[in-house]
Amino acid sequence: MTTQSERKYDVWRTTNLLAAIVLVIVGAVYIGKTWSPSSYGWVLVNVLGYTDSGPSLGRARPIRSDELAVVTPLTQATINNGFERMNRTSLYGEDLRINYGLPIRDWGLVFKPTMWLYGLTNPAYAYSAHWFALSALFIFGYAWLFRWLGAGPIVAFGLAAGLYYTGFVQFWWNEKGPLFAFFPWVILPFATRLPLICKATLFYWFAVVWLLTNFYPPVQVSLAFVGLVIVLAREPKLFKPLTIALLALAAALAAGTAALYLWDYLQATSTTLYPGGRSVSGGGIPARYWLSWLFPSVNFDHRYESLVGANICEIGTVGMYYFLLAVCFLDFASWRRVWSDAEQRRLITILAIGLATMLAWMVLPLPSWVGSALLWNHVQPARMQYAAGLLLVCLSLVLVQALGLRVSRARFDIFCVVILIAWVFSKYDTGKNYLPDFTLLVVLIFTAFAFAFSRY
């Protein structure tokens, strides 16, 4: 007779298979057309004078200059340079071992799996495959992470897709995509039943991959804290003296490997004001940014133009209606039952303490030395938005799974009215046409409502 755990496993296996089939089909079209999230078309039109260039969908934005003026041109330079380390195509002969991962043919390529097609196929296909692979790794990685925290397959993949389309991820994707996509894979080995030495080995490799594909400490330091919190909450048995020693060794080797590969770059930048000598204090995030966690689009219009002065990248947060749904529909009356379960109590408590610690750094005007133990004195509070938002997703998921949801007409009305009020106060202007925003708002309300009450 089939047990409940076996049925759940079968459902997960079927869902993973269907998701994989969809991704293969989408990937074949995506890579076949050599699509990518690049805004380099802006350079081709506005700098090089091309008239027939531009994105297949949407429009290129000059604000993404980190990609269109740096990452993509350097990728082109690496290809034209025969994938060598020192750039012979440039007057400066610069070193291409930098913070941005490039397809250089050296030992570091072992830790750049999404770039393995370079040199084997047309560079346009390799570039497209790199970005599609990151999207696939993101969706599957976070879906499996949420599964580890107790989500069913539909909720897990739905939340992973929702996280993918949040502001911070999308506004920074074409430059910092590897940071987001590889992170769950760094800690997922601890969700397996593999021997500890295999877990440590996989952890080491994925950690180096994460560091070398895009080296950006402000995001990686904050995400490392989130990873530690999740592993501590989910697998406390790993935190024993011998196990901690092994994992600390693996982490040190990963950091050492990345430092060895980037040594010349790190030496050259260590004495600079930015990034080498930057030290920041806590706090300073405006209240409207926090509102965008609950109301994702309050700070930009339907054209993704900022409504608050700062550019679109700077106002990116991990805003999801899922958080508001949890506030409105959680069955708070069942908290005694949940709190009496030691495992659930530990999971909720550790995730909540971790999130509160991050919020304290983001909200309070703390001096830089307060965050130095966690290296947060090098992390601008605004750059902690993704890590803190991810931890909030995890905590919300655990609360929904544990407490359950209570559906009523009154709760649903409150949910809709709150969103409408937020839209009116943040966007309504009699002199502007915000009908596209309103249409999207209605769709989001009913889509989010249907998703929140899916239990599988």
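Angles under 35 degrees count as roughly parallel, over 145 as roughly antiparallel, 65 to 115 as roughly perpendicular and the rest as oblique. The views show a predicted model, in which local features need pLDDT of at least 70 and side-chain atom pairs pLDDT 80 or more, while totals for chains, interfaces and linings use all residues. Residues are numbered from 1 along each chain as its sequence is written, and side-chain values use heavy atoms, without hydrogens and water.

**View A. Helix 7 and helix 9 cross at roughly 30°.** The axes of helix 7 (residues 196–213) and helix 9 (residues 241–261) come within 9 Å (helices being DSSP runs of H or I, at least four residues, numbered from the N terminus; axes being lines fitted to C-alpha atoms over the stretch in contact, with angles from 0 to 180 degrees between N-to-C directions). The two helices are therefore roughly parallel to each other.

**View B. Residues in the contact of helix 7 with helix 9.** By class, the contact has 18 nonpolar, two polar and no charged residues (Ala, Val, Leu, Ile, Met, Phe, Trp, Tyr, Cys and Pro count as nonpolar, Asp, Glu, Lys and Arg as charged, and the others, Gly among them, as polar).

**View C. The lining of the largest cavity.** Of the 14 residues that line this cavity, Val71, Gly101, Met115, His130 and Trp131 lie nearest its centre (a cavity is a set of points on a 1 Å grid over the protein atoms alone where a 1.4 Å probe fits but cannot get out, and lining residues have an atom within 4 Å of a point). Helix 4 gives the largest share of the lining, three residues.

Key. Contact means heavy atoms within 4.5 Å. On a 1 Å grid over the protein atoms alone, a cavity is a set of points where a 1.4 Å probe fits but cannot get out, and a pocket is an open set with protein on both sides within 12 Å along at least five of seven lines; lining residues have an atom within 4 Å of a point.
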